[in-house]
Amino acid sequence: MSVLMPKPSEAILQRRAAIVGALKAIVPGEGVVDSTNEMRAFESDGLTAYRQLPLVVVLPDTVEQVAKVLKYCHANEIPVVPRGSGTSLSGGALPLQDGVLLVLSKFNRVLEIDFDNRCAVVQPGVTNLGITHAVAHRGFYYAPDPSSQIACSIGGNVAENSGGVHCLKYGLTANNVLGIEFVTIEGEIVRLGGKHLDAEGYDLLGLMTGSEGLLGVVTEVTVRILQKPETARAVLIGFPTSEQAGECVAAIIAKGIIPGGMEMMDRPAILAAEDFVHAGYPTDVEALLIVELDGPAAEVDHLLAEVEAIAKATGCVTAKVSESDEERAAFWAGRKAAFPAVGRISPDYYCMDGTIPRKELPKVLAGMKAMSEKYGLRVANVFHAGDGNLHPLILYDANKEGELHRAEEFGNDILKLCVAVGGVLTGEHGVGVEKRDLMPEMFDETDMKHQQRVKCAFDDKHLLNPGKVFPTLHRCAELGRMHVHKGQVAFPDLPRF
Ligand SMILES: Cc1cc2nc3c(=O)[nH]c(=O)nc-3n(C[C@H](O)[C@H](O)[C@H](O)COP(=O)(O)OP(=O)(O)OC[C@H]3O[C@@H](n4cnc5c(N)ncnc54)[C@H](O)[C@@H]3O)c2cc1C
């Protein structure tokens, strides 16, 4: 939702001019964008129902510039919203009217590829798929593969702890990032981890991954790269009901098989994707599973036979195994294009992201069906079935009075249901502004105060991406942040044995 703002006063305009002038001195050339027309391109991210022009857009291209911009903003109490490619579906990169939008897209270089240590060092603006492209000539790839991988940046992936269809076996971003460099709001450049596994001290790397731009600005990322498996084959399995597809997923996992990817689509999503991409999907089933097995050829053949047997036992009506890499890629192309495909059958859609224990799938599907009738809106479902991560796509028309509001209410009810069955508000898209006001569904005040104490340790003025994630902001002084200065703490002599 864009908010109609009153005309800014003379004092505000003067302050803005001073800020723009100072930022132009730090980032010369075309690194500062301050005209309304040019800033329009940045007014929203993937959650397009929300729009806001920033105070000014800054596109630095060195870490020193990032540090100076942040230091200046800290000294002058100016909020900062970091932005990668702007594909966030939770409004994480939504600008603030009184804030600097710090865009990292000029940080687009692969700095080092270290095949011996199985890692690559990249700048945060490199796209997710760009990493795989950089290492593919030696048979390597970067495993987490969000459907937006052609556009989203690795910095954004770190901030959102993004996932994708192959994360069931290979882990989310958090499991594939070995080190980062980030800049604090005070302008300090900090390095965490490196090319090695694990690091001493608290797991600050884990803390930064998924911190949604609230703790620091990531300026370099070291990622794990993997050798492509010897073989990968996918099977399309069609079912007459979603419940049977859910049972098949549970049975595959219960058997101890961890597929490279295991995705599920319901009928509306299957039809939309098939019509768009012609992936070879059966169009007469209610639910479709795409299961990929990878590894040595003999192992893949053996596991495929096991998966097909489980599928038959749980009532599948079709099973089609990919016969070539091209066909396997086509199977995935349909799934990866499911969001834009659904965009072709409805003027607008609202993509939700919740996670549930896998066994609750039938209950949640039935609940969504009832909600669809209650709100009078259609829903298409795609799931990272193996992870229990749901992506219901609520179809609406923003031009019809009240439909956006109904879609948002519908989405909120889905997420509340996810929490009620023991799940969580987000699987991979983050909280941002979208789910901020639902945080009390999962956390009580004590939980959220503790989370904000962590925020205060990094950013005691709440200048980094304020208004995201937390529904209420507590002043850090009220939360009782402990200020420990070097030299103030006396360590007792340690007993020696
Ligand atoms: C069609 C479509 C499909 C998608 N599919 C998936 C999917 O399969 N899996 C998935 O996980 N997500 C998916 N997404 C969501 C989105 O692509 C991811 O959240 C992605 O990681 C965002 O990256 P970005 O570069 O666009 O970040 P942005 O949208 O620019 O920013 C996202 C958040 O990260 C912060 N941020 C960005 N860069 C930095 C930085 N350098 N330092 C600190 N904070 C930073 C921002 O402040 C914001 O809070 C999809 C989106 C679309 C539009």
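Between which two domains does the ligand lie? Domain 1 (10-103) and domain 2 (110-227) each supply residues to the shell around the ligand, so the ligand lies between them; the domain bounds come from an automatic or database domain assignment. The structure is a predicted model, in which local features need pLDDT of at least 70 and side-chain atom pairs count only at pLDDT 80 or more, while totals for chains, interfaces and linings use all residues. Residues are numbered from 1 along each chain as its sequence is written, and side-chain values use heavy atoms, with hydrogens and water left out.

The ligand is surrounded by 33 residues, where a residue is near a molecule if one of its heavy atoms lies within 4 Å of it. Pro82, Thr87, Ser148, Ser153 and Ser162 are the closest. Sorted by class, the shell holds 18 polar, 11 nonpolar and four charged residues. Here Ala, Val, Leu, Ile, Met, Phe, Trp, Tyr, Cys and Pro count as nonpolar, Asp, Glu, Lys and Arg as charged, and the others, Gly among them, as polar.

A closer look at individual atoms follows. An oxygen atom of the ligand is 2.6 Å from a backbone N or O atom of Pro82. In the side chain of Ser162, an N or O atom lies 2.7 Å from an oxygen atom of the ligand. A nitrogen atom of the ligand has a polar side-chain atom of Glu428 at 3.0 Å. For the ligand taken alone, the exposed area is 970 Å², and the protein buries 94% of that; accessible areas come from the Shrake-Rupley method with a 1.4 Å probe. Elements that give two or more residues to the shell are β3 (80-83), α5 (154-160) and β10 (217-224), and the largest share, five residues, comes from α5. Helices (H or I, at least four residues) and strands (E, at least two) are DSSP runs, numbered from the N terminus.

Two further residues complete the picture. Arg328 belongs to helix α11 (residues 325-336) and is buried, with a relative accessible area of 17%. Lys106, in the loop between β4 (100-103) and β5 (110-114), is partly exposed at 35% relative accessibility. Buried means under 20% relative accessible area, exposed over 50%, and partly exposed in between (1.4 Å probe, protein chains only). Leaving out residues up to four places away in sequence, Arg328 touches Ala232, Arg233, Ala234, Glu292 and Ser322, where contact means heavy atoms within 4.5 Å.

Methods:
A polar contact is a pair of N or O atoms within 3.5 Å; within protein, one must be able to donate a hydrogen and the other to accept it, and residues adjacent in sequence count only if both atoms are side-chain atoms.
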